[in-house]
Amino acid sequence: MPSLATTETLIASSGRKSFRVVFEGFLHLMLLACAVVSIITTVGIVLVLLIESLQFFRDVSVWEFLTGTKWSPLLKPQHFGILPLFCGTFLVAAGSALVAIPIGLGTAIFLSEYASPIVRDIVKPLLEVLAGIPSVVFGYLAVVFVSPIIKSLFASADLFNAANACIVVGFMILPTIVSLSEDVLRSVPRSLREAAYALGATKLDVTIGVVVPAAMSGIMASFLLAIARAVGETMAVTLAAGATPRLTLNPLESIQTMTAYIVQVSQGDTPAGTLEYRTIFAVGLTLFIFTLLLNVIAQWILSRVREKYE
Amino acid sequence: MNLAQHSNGRPYAKFASKCFALLCGFCTLLSVSVLLLLLWNVFSYGWGSLSWNFLTSWPSRFAEKSGIWSALIGSLYLIGVTAVLSVPVGVGAAIYLEEYAPPSRWRTLVQINIANLAGVPSIVYGILGLGLFVRMMHLNRSVIAGGLTLTLVVLPIVILSAQESLRAVPSTIRQASYALGATRWQTIWHQLLPVALPGIMTGVILSLSRALGEAAPLVAIGAATYVRFTPQNLLTDEFSALPIQIFNWTDQPQKGFHEVAAAGIIVLLVVLISMNALAVLLRQRFSKKVKW
């Protein structure tokens, strides 16, 4: 903005600069400080997690933490192997992806390729409302509605189980997939579709053979973002999946995720400074690194998609 | 299309295409029906427990006597603190990034950082709040500690939405203002902000409604689930909040408490929906006035 520099130089040279120039400079600094808050937040997260985790790792070796198959910090004998929590988180993330990906992609394709503008104008706000519903409400739905259904279908199922959590978390992350995928599907140039139609393709051929592959990277990014949300999802999982850290892939058993463990410790009266208290920072650090990786990859893919179509 | 109809090579092509359309339509129906099912379930369960008494009573060990007063007031205080902290800082950061920072490595770094912060699970912010506000700054489990934690949760969303509204203002407006001799801040204050305000307000309201529904960070900093008073001093008093109260009631094994939880959810959803309606109203009301 060259005009800008000129204006400010003009004012500066006009003699009555003092107040206005000082005021502008002051505001500049204040606004810069606001932007720096976001950097401080990141540094704060990393520092707080690292400091407490390092103290935790003085008592428990990293190797034991990462490869141990038993997690029972609150009971004697104590075990600090995060694998059961990791397994619980993985089970919920994978299960909810299994629910959300087909339904979400189907919905996105319908909205972008088939729906009339009126239908789209009705469905999209409804999905926005669904996205705005707090996670604790989904937890309630899992306990009151989904759990009795699963219990009646599978008599052997625990009252609280991973499948409960997978279903409600699946519908929680659905709007993320739909809105992002729909955006990329719609941004596929019309000419590609018309070229395929001209070759005698049916609408199915065009959608599956041309539009979806063209939008694939964006769709993948939406999946990753949704999975990252499922990994970090807390209240619904705590209510629905139980509180038994267990190394299992059976969705009908009671499990515990990393997030649910943090809630469990927070709700109890674990005194600060103890080893038990520090476990939540070590688990939090693992969770943070994990979701950060997923997000960074997704952001990277999305930035490449934007370059492609702009 | 006609060619496909007449070609004998793929007799089922047309049929398969129809089936696929139906399948996608079914998916859409399913997505939407979950929302309706959720609302129907909550209302049919909770309607009976909803009364003036429920709104104005303290929580209790007995489901029938339980009320939501302390949680409601706690949530209002929390949202107030969060709004006061997050709006100036968030909008300020957005103005800095859009209007002041020249395109540079530093700006890209801040931008990527904000995008990633938006993806950090809210429970991690709770752990940060626990370590930083509750322990290091000795704010204990006060309303301020909760509000600060929620501020960090919503700040990236406020910044990103405010940036988007600022970016939507045509650059000709800026250039015209500078050409008339206005300084940078005069341009922002008299030209950009009035125009971008409805968009910024919408983003702010949506962020605050997210903060209102967040339970995880508050649970992590140790917010109480059984509070029979309203906070008098924001710096010292413990608090409860709507989502925490709902979590606590849902976690009880007795059916009675589930009905109270549903009633609590109705209150929460009513507040959320009225906030969203306000956002839509603001958007429509103010966006009409601007004509380029």
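Visitor: What makes chain A a chain of more than one part?
Guide: Its domain assignment does. In this predicted model, chain A is divided into domain 1, residues 2-59, and domain 2, residues 83-309. Those bounds come from an automatic or database assignment.

Visitor: How far apart do the C-alpha centres of the two domains of chain A lie?
Guide: They lie 36 Å apart.

Visitor: How many residues of domain 1 of chain A are in contact with domain 2 of chain A?
Guide: Seven residues of domain 1 are in contact with eight of domain 2. A contact here means C-beta atoms within 7 Å. On the domain 1 side, the touching residues divide into three nonpolar, two polar and two charged.

Visitor: What does UniProt place at residues 86-298 of chain A?
Guide: The unreviewed entry gives "domain: ABC transmembrane type-1" there. In the model that span is 79% helix and 0% strand, and its end C-alpha atoms lie 21 Å apart.

Visitor: Which residues of chain A does UniProt list under "transmembrane region"?
Guide: The unreviewed entry lists six stretches, among them 162-185 and 206-228. Such annotations may be inferred rather than shown by experiment.

Visitor: How do you know what the chain does over residues 162-185 of chain A?
Guide: By its helix content. Residues 162-185 are 100% helix and 0% strand, with end C-alpha atoms 32 Å apart. Residues 206-228 of chain A are 96% helix and 0% strand, and their ends are 31 Å apart.

Visitor: Which residues of chain B carry the UniProt annotation "transmembrane region"?
Guide: The unreviewed entry for chain B includes residues 117-137 and 192-212. The stretch 117-137 of chain B is 86% helix and 0% strand, with its end C-alpha atoms 22 Å apart. The stretch 192-212 of chain B is 100% helix and 0% strand, with a separation of 29 Å between its end C-alpha atoms.

Visitor: Why are α8(A) and α9(A) called roughly antiparallel?
Guide: Take the angle. Helix α8 (residues 190-198) and helix α9 (residues 203-214) of chain A pack at about 150 degrees, with axes 10 Å apart. The cut-off for roughly antiparallel is over 145 degrees. So α8(A) is roughly antiparallel to α9(A). Their crossing is right-handed.

Visitor: What makes the contact between α8(A) and α9(A)?
Guide: From α8(A) come Leu192(A), Arg193(A), Ala196(A) and Tyr197(A). From α9(A) come Asp205(A), Val206(A), Gly209(A), Val210(A), Val211(A) and Ala214(A). By class that gives seven nonpolar, one polar and two charged residues. Asp and Arg count as charged, and Gly as polar.

Visitor: How many residues of chain B are in contact with chain A?
Guide: 76 residues of chain B are in contact with 76 of chain A. On the chain B side, α2(B) gives the most, with 19 residues. That side has 51 nonpolar, 21 polar and four charged residues.

Visitor: Why are α4(A) and α2(B) called roughly perpendicular?
Guide: Helix α4 (residues 83-114) of chain A and helix α2 (residues 13-46) of chain B cross at roughly 115 degrees, their axes coming within 7 Å. The band for roughly perpendicular is 65 to 115 degrees. The pair is therefore roughly perpendicular. The crossing of α4(A) with α2(B) is left-handed.

Visitor: How many residues in the contact of α4(A) with α2(B) are charged?
Guide: There are no charged residues; 10 are nonpolar and five are polar. The α4(A) side includes Ile103(A), Gly106(A) and Phe110(A), and the α2(B) side includes Leu23(B), Cys24(B) and Ser31(B). Cys counts as nonpolar and Gly as polar.

Visitor: Which residues make the contact of α4(B) with α11(B)?
Guide: The axes of α4 (residues 69-100) and α11 (residues 242-251) of chain B come within 7 Å and cross at roughly 145 degrees. Ala71(B), Leu72(B) and Ser75(B) meet Leu242(B), Ile244(B) and Gln245(B).

Technical notes:
Residues are numbered from 1 along each chain as its sequence is written. Chains are lettered from A and ligands numbered from 1 in the order in which they are written. This is a predicted model: local features need pLDDT of at least 70, side-chain atom pairs count only at pLDDT 80 or more; totals for chains, interfaces and linings use all residues. Axes are lines fitted to C-alpha atoms, for helices over the stretch in contact, and angles run from 0 to 180 degrees between N-to-C directions. Helices (H or I, at least four residues) and strands (E, at least two) are DSSP runs, numbered from the N terminus. Angles under 35 degrees count as roughly parallel, over 145 as roughly antiparallel, 65 to 115 as roughly perpendicular and the rest as oblique. A crossing is left-handed if the near helix is turned anticlockwise from the far one by less than a right angle, and right-handed if clockwise. Two residues are in contact if their C-beta atoms, placed from the backbone, lie within 7 Å.
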